[in-house]
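Visitor: I would like to learn how to read a model like this one. Can we go through it feature by feature?

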Amino acid sequence: MRTKSVGKKKINIVTLGCSKNVYDSEVLMSQLKANGKEVVHEDKGDIVVINTCGFIDNAKEESINTILDFVEAKNRGEVEKVFVTGCLSERYKPDLVKEIPDVDQYFGTRDLPILLKHLGADYKHELVGERLTTTPKHYAYLKISEGCDRPCSFCAIPLMRGGHVSTPIEKLVQEAQKLAKVGVKELILIAQDLTYYGLDIYKRRALGDLLKELVKVEGIEWIRLHYAFPSGFPEDVLDIIREEPKVCNYIDIPLQHINSDLLKSMKRGTTHEKTDALLTKFREKVPDMAIRTTLIVGYPGETEEIFQELKEWVKMQKFDRLGCFTYSHEENTTAYVLEDDIPQEVKEARVEEIMELQSQISWEKNQAKIGEVYKCIFDRKEGNYFVGRTEYDSPDVDNTVLVSAENTYISIGEFAHVKITSAEEFDLYGELI
């Protein structure tokens with residue numbers, strides 16, 4: 001029989017899904033630590049809190065398998081309690097309670113104070129902006145808003161995260177200052193929709209205003225923009241990207257498709273022509289900008305002809321970075337009433353075709369970088385290489401710059417200038433100068 005006191009029990013936070021979940025886990029960990037709790041991230045603990053993802057089928061399957069693994073560990077006596085939070089339990093709590101009853105408690109995405117209470121902790125309002133970061137010490141995610149007001153037909157995020165709520169500029173600046181003081185040099189701005197930032201509290205799109213304040217934070221050298229919605233994109237942001245050295249020449253703008261009929265069915269608020277015009281504006285205003293996008297294939301009604309339109313468009317646009325996913329038929333979304341009429345094997349084959357195209361585009365773009373010199377930040381050492389990134393690359397999803405560690409030493413988290421000597425599809429090789 002265990003004799004540990006509640007206060008001495010180690011709490012293990014397990015994070016699944018996107019960077020927004022990483023951020024939420026970091027906030028939870030800081031609250032627990034401030035309450036005197038011993039907390040670890042994806043390590044061994046007496047109590048497990050699983051922060052789940054419920055976005056698409058693969059993510060849901062991973063979350064459920066993780067829950068089942070820890071429930072089995074609990075039944076073997078290896079852990080005492082298993083709590084589940086995040087998007088999956090927000091969306092499917094009644095089903096989860098019924099199907100996996102051995103979980104001690106399920107919590108939604110906005111139940112942090114209640115979750116803390118079950119962990120023997122109090123929610124401390126004075127800690128707003130405090131986080132125990134789980135990323136490498138030199139970069140951190142900065143979540144500038146929660147939820148989403150967009151009506152995209154395929155997306156379940158509003159069901160799990162609620163409506164859009166912006167965090168005031170002054171609070172975000174305070175959070176950035178705290179991160180800078182502990183060594184963070186790169187901020188990655190995240191939200192369900194950066195483009196919408198400020199409309200709820202300032203009655204206007206205020207992403208540009210936020211950037212103008214964040215660049216003043218001493219110690220922050222790079223600011224990167226993720227998840228900007230194409231419809232209603234605030235053009236003043238392009239001027240700031242071009243003129244402000246701290247704001248990376250980089251944007252992640254998920255476009256999802258290019259066929260106008262599918263975009264209408266997806267409720268994206270744009271067309272083929274408007275999308276092309278926006279991309280042209282990006283490249284005219286910031287010629288040196290790397291554009292990252294994501295696409296969905298296999299959406300209901302995507303005929304072979306429509307898919308060929310998408311392929312030709314990818315060839316023409318030559319995106320710097322591109323990800324592609326199969327359509328997932330999600331209950332309670334407006335697209336769920338449509339027939340999921342594309343066989344899974346066709347969806348997967350289309351993903352392969354798009355990514356094969358992008359691989360060639362990326363190879364050609366990387367070959368053009370040979371001989372060029374780039375400022376890079378180094379994230380880790382892996383085997384015989386130090387692994388870094390240029391301002392055109394976000395961690396975990398984009399290209400890397402590899403420098404041999406045989407005759408060179410680079411401090412992790414530091415910047416260095418690298419001359420590119422060779423290139424592959426997604427990796428650049430170089431030497432320090």
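Visitor: Which residues does UniProt list for "domain: MTTase N-terminal"?

Guide: First, a caution: this is a predicted model. The UniProt record, an unreviewed entry, lists residues 9–124 for that domain. In the model, the span is 47% helix and 21% strand. Its end C-alpha atoms lie 20 Å apart.

Visitor: Where does UniProt place "domain: Radical SAM core"?

Guide: The unreviewed entry places that feature at residues 134–365. Here the span is 39% helix and 16% strand. The end C-alpha atoms of residues 134–365 lie 32 Å apart.

Visitor: Now single residues. Is Thr 85 buried or exposed?

Guide: The cut-off for buried is under 20% relative accessible area. Thr 85 has 10%, so the residue is buried. Thr 85 sits in strand S4, residues 81–86. Leaving aside residues up to four places away in sequence, Thr 85 touches Val 49, Ile 50, Asn 51, Thr 52, Phe 107, Gly 108 and Leu 115.

Visitor: Where is Asp 193 placed?

Guide: Look in the loop between strand S9 (186–190) and helix H7 (207–214).

Visitor: What does Asp 193 touch?

Guide: With residues up to four places away in sequence not counted, its contacts are Ser 145, Arg 150, His 164, Tyr 227, Ala 228 and Phe 229. There is also a polar pair to look at. A polar atom of the Asp 193 side chain lies 3.0 Å from the backbone nitrogen of Thr 195.

Visitor: How many residues separate Asp 193 and Cys 87 in sequence?

Guide: They are 106 residues apart in sequence. In space, the C-alpha to C-alpha distance is 17 Å.

Visitor: How are two packed helices described?

Guide: By the angle between their axes and the distance between the axes. Take helix H11 (residues 304–317) and helix H12 (residues 344–367). They pack at about 15°, with axes 10 Å apart. Angles under 35 degrees count as roughly parallel, so H11 and H12 are roughly parallel to each other. Their crossing is right-handed.

Visitor: Which residues of H11 and H12 meet?

Guide: On the H11 side, look for Glu 304, Phe 307, Leu 310, Lys 311, Val 314 and Lys 315. On the H12 side, find Arg 350, Glu 353, Ile 354, Leu 357, Gln 358 and Ile 361.

Visitor: At roughly what angle do H10 and H11 cross?

Guide: Roughly 10°, and their axes come within 13 Å. H10 covers residues 272–285. H10 and H11 are therefore roughly parallel to each other. H10 passes H11 in a right-handed crossing. H10 brings His 272, Thr 275, Asp 276, Leu 279 and Arg 283 to the contact, while H11 brings Glu 309, Trp 313, Met 316 and Gln 317.

Visitor: What should I check in the backbone?

Guide: Most residues other than glycine have a negative phi. Gln 256 has a positive value, near 70°. Asn 332 is not a glycine either, and its phi is positive at about 75°.

Visitor: Where are Gln 256 and Asn 332?

Guide: Gln 256 is in the loop between strand S11 (247–252) and helix H9 (260–265). Asn 332 is in the loop between strand S13 (321–326) and H12. Gln 256 is buried, at 11% relative accessible area, whereas Asn 332 is exposed, at 63%.

Conventions: Residues are numbered from 1 along each chain as its sequence is written. This is a predicted model: local features need pLDDT of at least 70, side-chain atom pairs count only at pLDDT 80 or more; totals for chains, interfaces and linings use all residues. Side-chain values use heavy atoms; hydrogens and water are left out. Helices (H or I, at least four residues) and strands (E, at least two) are DSSP runs, numbered from the N terminus. Contact means heavy atoms within 4.5 Å. A polar contact is a pair of N or O atoms within 3.5 Å; within protein, one must be able to donate a hydrogen and the other to accept it, and residues adjacent in sequence count only if both atoms are side-chain atoms. UniProt positions are given in the numbering used here, feature names are shortened, and annotations may be inferred rather than shown by experiment. Axes are lines fitted to C-alpha atoms, for helices over the stretch in contact, and angles run from 0 to 180 degrees between N-to-C directions. Angles under 35 degrees count as roughly parallel, over 145 as roughly antiparallel, 65 to 115 as roughly perpendicular and the rest as oblique. A crossing is left-handed if the near helix is turned anticlockwise from the far one by less than a right angle, and right-handed if clockwise. Buried means under 20% relative accessible area, exposed over 50%, partly exposed in between (1.4 Å probe, protein chains only).
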